[in-house]
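Me: I would like a close look at a single part of this model. Please keep it brisk and connect the part to its surroundings.

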Amino acid sequence: MSDPIRTERHGDVLHIVSDNPPVNALGASVRQGLERGIREAMGDDDVKAVVIRCDGRTFFAGADITEFGKPPVGPMLPDVCDLIEACDKPVVAAIHGTALGGGCEVALACHYRIAVPSAKLGLPEVKLGLIPGAAGTQRLPRLVGAQAALPLVVTGDPISARKAQEIGLLDAVVEGDLAEEATAFVRSKVGQPLPRTSQMNRNEDGVRNPAIFDDFRKQAGRKLHGFDAPNAAIEAVRAAGELPYAKGVERERELFMKLMMGTQSAAMRHYFFAERAAAKIEGVSGDVPLIPVNKVGIIGAGTMGGGIAMNFLSAGIPVTILEVEQAALDRGTGVIRKNYEATARKGRMTADQVEQAMGLLSPTLSYDDLAGCDLVIEAVFEDMAIKKEVFRRLDQVVKDGAILASNTSYLDIDEIARSTARPGYVLGLHFFSPANVMRLLEVVRGAETRDDVLATAMALAKTIGKVAVVSGVCDGFIGNRMLAKRQEQANALLMEGAKYWEVDEVMLDFGFPMGPFQMADLAGTDIGWHRDPSRVESVRDALCAAGRFGQKAGKGFYDYDETRQRKPSDEVEAIIADFAAREGRPQRSITADEIRERLLYPMVNEGALILDEGMAQRASDIDVVWINGYGWPLYTGGPMFWADTVGLTKVVEGLERHGLPVSDYLRRKAEAGERLTR
Ligand code: 3H9
């Protein structure tokens, strides 16, 4: 492997330049090169100042995550940072792209930092279940104050160059050629006292006013719930005020190492690579030519169709939306506008941007207006006969070579495709509700779906900010197929004596944002209901017959008050008791452990089946689906990674103990002592 670090002389200024694609991660050879470069500068009297910069698309985007968990190779990043800071000649970091994590810490160790206007700076380690580990939590507060450091370290969200300059993280934002600007900048500092971040004292704000830490914790509230790293991050920033620098660094190290050894960080690092792996399609090369998508058609302006449309409008792609009646069309477009206006009121969009997005929307009642679309997504009622009819019509009017997609959440895409003369151009695009908000997109690959069609869908997903996962054609695809197994057990538990709020509570404790019965209330208990109140064959039928349609009706499994606070309902308890008695099931008290195992282990088993059948490309794809589509807690890594941390033997034993099926695939993996994920 060639050396990723080179040095260049620009007169009396030494440039240390990294070229380590794709993101200039700070792997061992980069750290070695940085050390060599600084030593070269220190040992050469002709060098008066130093610039550290990167080739390629970005400044150092962080430590090399692939090295984590492997035997360390020196020099370590904290030592490299200390060496940079100790340099007796001014050193400036010249930043473009993203200076993240270890990259931001290298910049903090430099005496000065300048950046181009488009640059972003951040300490995203918490997103990997960590805190900055190269003195970032100690240097940053000393440079910008604890108050300004907290959001950066605790939320991990990067900030713009302008904002960084405002808080004092950047010394300058420069418009011209970055290398030249940096040379001139650092040359102007020769002979001046060197500002060393570790010796600064703006962190005293946290000592004068220690309430800022608790206030911040309160403010961040639920978002941090269950995650270890953000609390450790707050503690580290606090330590920066309370302890001398060297002691603070020790404290950071302790916290960092504890997190690094824990399962949360392992899970979140797994997720980081899982999300990126999901974008890759097995058997399809990365350079298959994509089909340009400049205009999208959407059939159905209901909640789903409208939400889907917003994704494209927000990305600047024109949308033609079709309904059968003018009233429904007006209602649908009205809701889209209302949603955008609500976003604008929250300050996340300007009034101009609202008009721009709405200007790209063409409502229509005529299929003929879809003729020129490159992609049409159908979001009509979940009924095979209706879908087939829609696809037959689309096939007739939409130009050749255009993609036809269904947003079905469980119907057979192959059967839908066969109703057209272009099955190769048909696939499923399963959005999750609310479709303008939820990040997950299941891209369903039919038996005949062409490679370029699939690759186009995956690329388009990225353009509209979705995390896409490829699924094969099976009932419920990846997500809903596994959800059905959880629901089956949730319902069975009620019949055996578990209370529905206990079941929900166990899932909340596990880290889900809501339990299965809260979810039923949110979605509406009447989804798919036969609408005959005299036909009561299930608890769900009984709820609907009693007008308990869920949150929208103010009552479902729970009773809701005006603030949507939920309370268990006596009426529902009586309904459930009645059904349990009818089934003749003996009632018993059921432990939280049993509830958790019976809800989650069957999902793992179903995931294993999905893998065995090739319906998911890899175990980590299943984790991506559940984390983004159903609120599975990120810090457990998703169902497949979680099962690996529990131990597959234990999962199999649990399934057997509860009399539940075990797939051959899961049993084989358990017996071989293997994992589901890598
Ligand atoms: C850290 O710094 C800890 C220190 O405090 C401790 C020091 C002691 N390492 O995302 P993309 C790969 S923790 C290794 O698709 P984009 C990525 O897997 C780190 N590999 O591009 C992918 O590979 P592939 C803190 C990495 O343009 C390829 O690069 N830093 C790393 O959409 C392209 O990535 C972070 O957490 C890495 N650090 O986004 C930043 N980063 O092509 C993590 C990326 O084989 N990175 N790869 O699938 C990011 O947020 C985004 O990658 C970035 C670019 C915004 C930079």
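Where is the place of P22?

Reply: This is a predicted model. P22 sits in the loop between β2 and α1. The peptide bond that joins P21 to P22 is cis, with omega at about 0°.

β2 covers residues 13-18, and helix α1 covers residues 28-42. Strand β2 belongs to an open sheet of six strands. The order there is β1-β2-β3-β4-β6-β9, and the pairing is mixed. So β2 stands between β1 and β3 in that order. The edges are β1 (5-10) and β9 (172-173). Each edge strand has a single partner, so one side of each is left without a neighbour in the sheet. Helix α1 packs on this sheet. The helix touches β1, β2 and β3, and its direction makes about 30° with that of β1.

Strand β3 (residues 49-54) and strand β4 (residues 91-95) run parallel, joined by three bridges. In this pair, V51 stands opposite V92 in β4.

Another cis bond lies elsewhere in the chain. It joins S433 and P434, with omega at about -5°. P434 is in the loop between β15 and β16 (440-444). β15 (426-431) also takes part in a cavity lining. A search of the whole structure gives one cavity of 30 Å³ or more. The largest cavity has a volume of about 40 Å³. Its lining consists of F312, L429, F431, L441, A457, L460, A461 and I464. Helix α18 gives the most, with three. By class, the lining has eight nonpolar residues, no polar ones and no charged ones.

One more backbone feature deserves a check. F477 is not a glycine, yet has a positive phi of about 50°. F477 is in the loop between β17 (467-471) and α19 (479-496).

The protein chain has 28 helices and 19 strands. The C-alpha atoms fill a box of roughly 90 × 60 × 55 Å along the principal axes. For 678 residues, a compact globule would have a radius of gyration near 26 Å; the chain has 28 Å, which agrees.

Notes:
Residues are numbered from 1 along each chain as its sequence is written. This is a predicted model: local features need pLDDT of at least 70, side-chain atom pairs count only at pLDDT 80 or more; totals for chains, interfaces and linings use all residues. Side-chain values use heavy atoms; hydrogens and water are left out. On a 1 Å grid over the protein atoms alone, a cavity is a set of points where a 1.4 Å probe fits but cannot get out, and a pocket is an open set with protein on both sides within 12 Å along at least five of seven lines; lining residues have an atom within 4 Å of a point. Grid points are joined across faces, edges and corners, and a volume is the space filled by probe spheres set on the points. Helices (H or I, at least four residues) and strands (E, at least two) are DSSP runs, numbered from the N terminus. Ala, Val, Leu, Ile, Met, Phe, Trp, Tyr, Cys and Pro count as nonpolar, Asp, Glu, Lys and Arg as charged, and the others, Gly among them, as polar. Two strands pair if DSSP finds at least two bridges between them. Contact means heavy atoms within 4.5 Å. Axes are lines fitted to C-alpha atoms, for helices over the stretch in contact, and angles run from 0 to 180 degrees between N-to-C directions. The radius of gyration is taken over C-alpha atoms; the globule rule is 2.2 Å times the number of residues to the power 0.38.
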